[in-house]
Amino acid sequence: MFDLYLDYIDRWSHGLWLTASMSTLSVLIGFLVALPIGFVRSRAKGPLAWLAIAYVNLFRGMPLLVLMFLVYYGFGQFNSELRAMGLWWFFRDAYFCGMLALVLNTSAYQAEIIRGSLDTISTSVIETNAALNLTRWTAFRRVLLPIAFAKALPPLGNEYILMVKATSLLAIITVFDLMGEARTIFSETLDLGVYYVAAIHYLVLVLAIEWTLRRVEARFKWMA
Amino acid sequence: MVSPPAISFEKLNKYYGKFHVLKDIDLEVAKGERIVVCGPSGSGKSTLIRCINRLETHQSGRLIVDQCEMNNTPSTVRRIRDRVGMCFQHFNLYPHLTALENCTLSLIYTRKMPPKEAKQRAMEYLARVRMDGFAQKYPSQLSGGQQQRVAIARSLCIQPEVMLFDEPTSALDPESISEVLDVMADLAIGGMTMICVTHEMGFARKVADRVVFMDAGEIVEIADPETFFTSPSHERSARFLQQIINH
């Protein structure tokens, strides 16, 4: 098994890098997308709220793998139209398509996490904002957002870890992440031990993230 | 010339749905006057003072705060809230900000004060409530009484014309109660217009100019503390006082 690792160390490192970077980037971009959606879900009524619900239900209701197929193969059918719109460079690339699918998926989940934490902010905080005459923006940016973020941190960390593992689906749309590299190494060696090596990679990556998250959470000591 | 009242209620009515919470409230509070509002729970005393800074809306009647009539216009509400400070039963400090940051938040972002000046002012008021040594602490690191004193400093920072206290000591242990009441008494000596909902009868006796007794949404009796405590003119206030003394 050590041979499987050492002989292919370049590929493993590349796969690890891709898995770590794509999951991290998708979670970060997903957070930025989820923020306004979660806020609308928590506070708004009417058409905007319906749009937010539709977004969440659509991308949460679809398996990630199906979403990847739709984006990568499905959009590929419209290649002439996409070329005309100047978007083909994006949709012909499995990495970009994979990234888009990951972002759509995780942003739907994260929007619900953010909505939940905004919803649990007590009315006394809102009343205090009013009594202190804070503007809407200040109340959101300086009070609601930091409190909601601290509350959301544990479930967001959970979502991050889920995403790390979900990226293994990328291998199926030809991305050479950890799982993608593992599959090619297997096809050359026909040694099932390859998948143990892959599993250990995932485990170590997740543990490292868990350790980091614990540090970050500890910084919010005022939550006590 | 008599200066106009700080706050006046004229035939003010409020309903929660069908429930009539405030019934024909008439009350004038002079500048610099200290009012204690008391009464059994559910009598509408908190609701009454929460109308003053529009945490509650009234349905009929007039409410004039510092010569500005309360209405639904956001700019009016902002103008009035700018002159009214409020302390809550559960302090309501922002948990993610230090004592100092709690005080400077609205100075910096709502009143556009330069941060340095805001800090200076906040430290002044924290010193006044004897909390300047705790400026960098988070609320979770402070006792209840300390938190309430910071909350008082936070309200004072906006230099309000009127201070509202909504049962500021009901969530505190006896020791903390006296440290908060001391700060409030200091404020009263300084000439601040104050309306306090409280069951601290000792405080009412010592500090209040008038006591307002409410029951079932009505103002039953308004009297100076001496008269109110020794010879209440109304049977309902007498019964309430009995209960408080005997408990």
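1. Basis. This is a predicted model, in which local features need pLDDT of at least 70 and side-chain atom pairs count only at pLDDT 80 or more, while totals for chains, interfaces and linings use all residues. Residues are numbered from 1 along each chain as its sequence is written, chains are lettered from A and ligands numbered from 1 in the order in which they are written, and side-chain values use heavy atoms, with hydrogens and water left out.

2. Chain A overall. Chain A has 11 helices and 0 strands; helices (H or I, at least four residues) and strands (E, at least two) are DSSP runs numbered from the N terminus. Taken along the principal axes, the C-alpha atoms of chain A fill a box of roughly 70 × 50 × 25 Å. Chain A counts 224 residues, 45% of them buried. Buried stands for under 20% relative accessible area, exposed for over 50%, and partly exposed for what lies in between (1.4 Å probe, protein chains only). Among contacts in chain A with a separation of 6 or more, 75% come from residues 24 or more positions apart; a contact means heavy atoms within 4.5 Å.

3. Helices α2 and α9 of chain A. The axes of α2(A) (residues 9–43) and α9(A) (residues 136–166) come within 10 Å and cross at roughly 135 degrees. Axes are lines fitted to C-alpha atoms, for helices over the stretch in contact, and angles run from 0 to 180 degrees between N-to-C directions. The two helices are therefore oblique to each other: angles under 35 degrees count as roughly parallel, over 145 as roughly antiparallel, 65 to 115 as roughly perpendicular, and the rest as oblique. The crossing of α2(A) and α9(A) is right-handed, the term for a near helix turned clockwise from the far one by less than a right angle, with anticlockwise giving left-handed. Residues making the contact include A:Ser23, A:Ser26, A:Val27 and A:Phe31 of α2(A), and A:Phe140, A:Phe149, A:Tyr160 and A:Met163 of α9(A). By class, the contact has 12 nonpolar, 4 polar and 1 charged residues. Here Ala, Val, Leu, Ile, Met, Phe, Trp, Tyr, Cys and Pro count as nonpolar, Asp, Glu, Lys and Arg as charged, and the others, Gly among them, as polar.

4. A:Met163. This residue of α9 in chain A counts as buried, at 2% relative accessibility. Not counting residues up to four places away in sequence, A:Met163 touches A:Ser23, A:Ser26, A:Val27, A:Leu102, A:Asn105 and A:Thr106. A:Met163 and A:Met22 are 141 residues apart in sequence, with their C-alpha atoms 9.3 Å apart.

5. Helix α8 of chain A. In α8(A) (residues 123–131), the buried residues are A:Val125, A:Thr128, A:Asn129, A:Ala130 and A:Ala131. They pack against α9 of chain A together with α2 (74–81), β6 (84–87) and α5 of chain B. A:Asn133 follows α8(A) and has a positive phi, near 65 degrees.

6. A:Lys221. A:Lys221 is in the segment after α11 (193–218) of chain A and counts as exposed at 54% relative accessibility. From A:Lys221 to A:Ala94, C-alpha to C-alpha, is 42 Å in space and 127 residues in sequence.

7. Helices α5 and α6 of chain B. The axes of α5(B) and α6(B) (residues 174–189) are 8 Å apart, and the helices pack at an angle of about 20 degrees. They are therefore roughly parallel to each other. α5(B) passes α6(B) in a right-handed crossing. Among the residues that meet are B:Gln146, B:Arg149 and B:Ile152 in α5(B), and B:Glu179, B:Val183 and B:Leu187 in α6(B). The contact divides into 6 nonpolar, 4 polar and 2 charged residues.

8. B:Gln146. B:Gln146 belongs to α5(B) (residues 144–157) and counts as buried at 16% relative accessibility. A polar atom of the side chain of B:Gln146 lies 2.9 Å from the backbone nitrogen of B:Ser143. Leaving aside neighbours within four places in sequence, B:Gln146 is in contact with B:Met131, B:Phe134 and B:Glu179.

9. Positive phi in chain B. B:Lys112, a residue other than glycine, has a positive phi near 55 degrees. B:Lys112 is in the loop between α3 (99–109) and α4 (115–128) and counts as exposed at 64% relative accessibility. B:Gln159 is not a glycine either, and its phi is positive at about 50 degrees. B:Gln159 is in the loop between α5 and β7 (162–166) of chain B and counts as partly exposed at 42% relative accessibility.

How values were computed
Polar contact = N/O pair within 3.5 Å; in protein donor to acceptor, adjacent residues only side chain to side chain.
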